[in-house]
Amino acid sequence: QVQLVESGGGLVQPGGSLRLSCAASGSIFRINAMGWYRQTPGKQRDLVATITSGGSTNYADSVKGRFTISRDNAKKQVYLQMNSLRPEDTAVYYCNAKVVDRLNYRELSYWGQGTQVTVSS
């Protein structure tokens with residue numbers, strides 16, 4: 001069993017900043033990649049940023065230059081620093097991880113419960 005728990009969401013004004021955190025726990029052999037996705041009501045879940053175990057990153061065009069993804073492999077955590085936030089960034093942000101489980105050694109995709117980010121004046 002693998003669990004992902006997000007934290008750090010909240011209400012901020014436009015132009016403000018938030019830092020999201022996601023902690024992975026459970027029967028983890030290896031985490032190949034982690035990422036952040038976001039979803040608003042009636043919309044599909046879209047990629048925000050991803051990072052591989054080797055440190056390669058990928059960002060949605062809408063957040064480039066404003067958001068930074070990072071990870072601490074030893075702590076099994078991934079972070080998303082969000083600066084210059086805009087109202088359109090409002091969404092539920094979900095942590096995702098591609099995990100090799102210690103029990104079956106197969107790579108599976110896991111999702112956290114989500115954390116609400118609201119950008120409003």
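A residue counts as buried when its relative accessible area is under 20%, as exposed when that area is over 50%, and as partly exposed in between. By that rule Ile 31 is buried, because its relative accessible area is 9%. The structure is a predicted model, and its secondary structure comes to zero helices and 11 strands.

**Overall form**

- Read from one end of the sequence to the other, the chain has the pattern β-β-β-β-β-β-β-β-β-β-β.
- The radius of gyration is 14 Å, close to the 14 Å that the globule rule gives for 121 residues, so the chain is as compact as a globular protein of that length.
- The C-alpha trace spans about 45 × 25 × 20 Å along its principal axes.
- Of the 121 residues in the chain, 41% are buried.
- The accessible surface comes to about 6300 Å², and carbon and sulfur atoms account for 47% of that surface.
- Of the contacts between residues at least 6 apart in sequence, 56% join residues at least 24 apart.

**The four-stranded sheet**

- Four strands form an open sheet in the order E1-E3-E8-E7, and their pairing is antiparallel.
- Strand E1 (2-7) and strand E7 (67-72) are at the edges; each has a single partner strand, so one side of each is left without a neighbour in the sheet.
- From one strand to the next, the twist averages 15 degrees.
- Strand E3 (residues 18-26) and strand E8 (residues 77-82) run antiparallel and are joined by six bridges.
- Within this pairing, Arg 19 has Gln 81 of E8 as its bridge partner.
- Strands of a sheet pair through backbone hydrogen bonds, in either a parallel or an antiparallel manner.

**The disulfide**

- The count of disulfides comes to one, and the bond is formed by Cys 22 and Cys 95, whose sulfur atoms are 2.1 Å apart.
- Cys 22 belongs to strand E3 and Cys 95 to strand E9 (residues 91-101), so the pair ties together parts that are 73 residues apart in sequence.
- The torsion about the S-S bond of Cys 22 and Cys 95 is about -85 degrees, and the disulfide is therefore left-handed.
- Cys 22 is buried, with a relative accessible area of 0%, and Cys 95 also counts as buried at 0% relative accessibility.

**The setting of Ile 31**

- The buried residue Ile 31 lies in strand E4 (residues 28-39).
- Leaving aside residues up to four places away in sequence, Ile 31 touches Ala 24, Ser 53, Arg 71, Lys 76, Ala 97, Lys 98 and Val 99.
- Ile 31 and Asp 101 are separated by 70 residues in sequence, yet their C-alpha atoms are 8.7 Å apart in space.

**Residues with positive phi**

- Most residues other than glycine have a negative phi.
- Lys 76, one of the residues that Ile 31 touches, has a positive phi of about 55 degrees although it is not a glycine.
- Lys 76 lies in the loop between E7 and E8, and its relative accessible area of 32% makes it partly exposed.
- Ser 84, likewise a residue other than glycine, has a positive phi near 50 degrees.
- Ser 84 is located in the loop between E8 and E9 and counts as partly exposed at 42% relative accessibility.

Technical notes
Residues are numbered from 1 along each chain as its sequence is written. This is a predicted model: local features need pLDDT of at least 70, side-chain atom pairs count only at pLDDT 80 or more; totals for chains, interfaces and linings use all residues. Side-chain values use heavy atoms; hydrogens and water are left out. Two strands pair if DSSP finds at least two bridges between them. Helices (H or I, at least four residues) and strands (E, at least two) are DSSP runs, numbered from the N terminus. Axes are lines fitted to C-alpha atoms, for helices over the stretch in contact, and angles run from 0 to 180 degrees between N-to-C directions. Buried means under 20% relative accessible area, exposed over 50%, partly exposed in between (1.4 Å probe, protein chains only). Contact means heavy atoms within 4.5 Å. A disulfide is a pair of cysteine sulfur atoms within 2.5 Å. The radius of gyration is taken over C-alpha atoms; the globule rule is 2.2 Å times the number of residues to the power 0.38. Accessible areas come from the Shrake-Rupley method with a 1.4 Å probe; for residues, only the protein chains shown count as cover.
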